[in-house]
Amino acid sequence: MKGIIFDIDGTLMVDDKVLDGAIEVIEKINKQKIPFCFVTNTTEVSTQHLFENLLNKGFIVRKEQIITPIVIAKKILNSKGVKSIQICYSEDLKQEFSEYEFNEKPEVVIISDDGTGLTNSQINQIFQYFQTGSELIVLQNTKYYKKEGKLVVDLGFYSAGFEYITGKKIQSCGKPSKLLFDFALQQMRLSKSEDVYMVGDDIEFDILGSQKLGFKGFLVKTGKYFAGIENQFNDKPFQIIESVKNLLDIF
Ligand SMILES: [Mg+2]
């Protein structure tokens, strides 16, 4: 095995509680000196906030091992030479983009949220920005995630809505974008996805999305997983396991 990528929410933690065996798996991989990183589509808080939370929960991790769609968003902004933006809407994320100017005629609007979704007036403000020439991108377009025992809609709900009303494809900076997975490889100092594993609870974005790029997916039955979801897809995960704890026997 050359490297391992872990999803966080639903895989290592659910509702901010660490799942059984998660810390031990990371400990074991650290001891074996296998390169690993965390690739999350969680965007409601800053990377610093995520990092501190993982440390407080007992994970041994360096900040550069946490990869979020924010780094990809910046790559996209910089490649377009963008200077002015808006983050619609997460106050916590603004500090991550402090090198950009925030104004009322932004070149790019980054659709995001603080974990509580967008209100109708926020949705319409984004639509106004679009009508006055702003390009819309979305931090990630996950369909749903598990919160307090229920599946709830994620940003994919809004990006699909904006694609529908604008007739334009909205670029996502999150999993399963190739940009993000390539960056993960780079962070692990690997050049190829061959013999690199992805562990996650989202069959589409974590598992089948990464497998299209050559990774091998371990689908965990925690988080957003529900019985039989694997039958909705033609492609199959490399392996389905009960939870991250099973990796203690596999790795
Ligand atoms: Mg997840």
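Q: How many salt bridges are counted between domain 1 and domain 2?
A: In this predicted model, the count between the two domains is one salt bridge.

Q: Why is the meeting of glutamate 204 and lysine 143 called a salt bridge?
A: The term requires a side-chain nitrogen of Lys or Arg within 4 Å of a carboxyl oxygen of Asp or Glu.

Q: What makes the two parts of the chain domain 1 and domain 2, and where do their bounds lie?
A: The bounds come from an automatic or database domain assignment. Domain 1 consists of 3-41 + 175-250, and domain 2 of 69-172. Their centres, taken over C-alpha atoms, are separated by 25 Å.

Q: What shows that domain 1 and domain 2 touch?
A: Contact means heavy atoms within 4.5 Å, and by this rule 16 residues of domain 1 are in contact with 18 residues of domain 2. The two domains bury about 1400 Å² between them, with 58% of that area on carbon and sulfur atoms. Of the area that domain 1 buries against domain 2, Asn41, Leu179 and Lys224 supply 34%, more than any other three residues.

Q: How many residue pairs are in polar contact across this interface, and which elements give two or more residues to the side of domain 1?
A: Five residue pairs are in polar contact, with both residues at pLDDT 80 or more. The elements in question are helix H7 (178-187) and helix H8 (203-211). H7 gives three residues, the largest share of that side. The residues on the side of domain 1 that touches domain 2 divide into six nonpolar, four polar and six charged.

Q: Why do Asp7, Asp9 and Asp201 count as donors of the magnesium ion?
A: A donor is an N, O or S atom within 2.8 Å of the metal. Asp7 (OD), Asp9 (O) and Asp201 (OD) coordinate the ion at 2.1 to 2.2 Å, and they therefore qualify. Their spacing in sequence is D-x1-D-x191-D. Aspartate 9, in the loop between strand S1 (3-6) and strand S2 (13-14), and aspartate 201, in the loop between strand S13 (196-200) and H8, are 192 residues apart and link distant parts of the chain.

Q: Which omega value accompanies the cis peptide bond that joins cysteine 88 and tyrosine 89?
A: Omega is about 5° for this bond. Tyrosine 89 lies in the loop between strand S6 (84-88) and helix H4 (91-94).

Notes
Residues numbered from 1 in each chain as written. Predicted model: local features only at pLDDT ≥ 70, side-chain atom pairs only at ≥ 80, totals over all residues. Heavy atoms only, no water. Buried area = accessible area lost by both parts, 1.4 Å probe. Polar contact = N/O pair within 3.5 Å; in protein donor to acceptor, adjacent residues only side chain to side chain. Helix = DSSP H or I, 4+ residues; strand = E, 2+ residues; numbered from the N terminus. Nonpolar A, V, L, I, M, F, W, Y, C, P; charged D, E, K, R; others polar. Donors = N, O, S within 2.8 Å, 3.2 Å for Na, K, Ca; no water.
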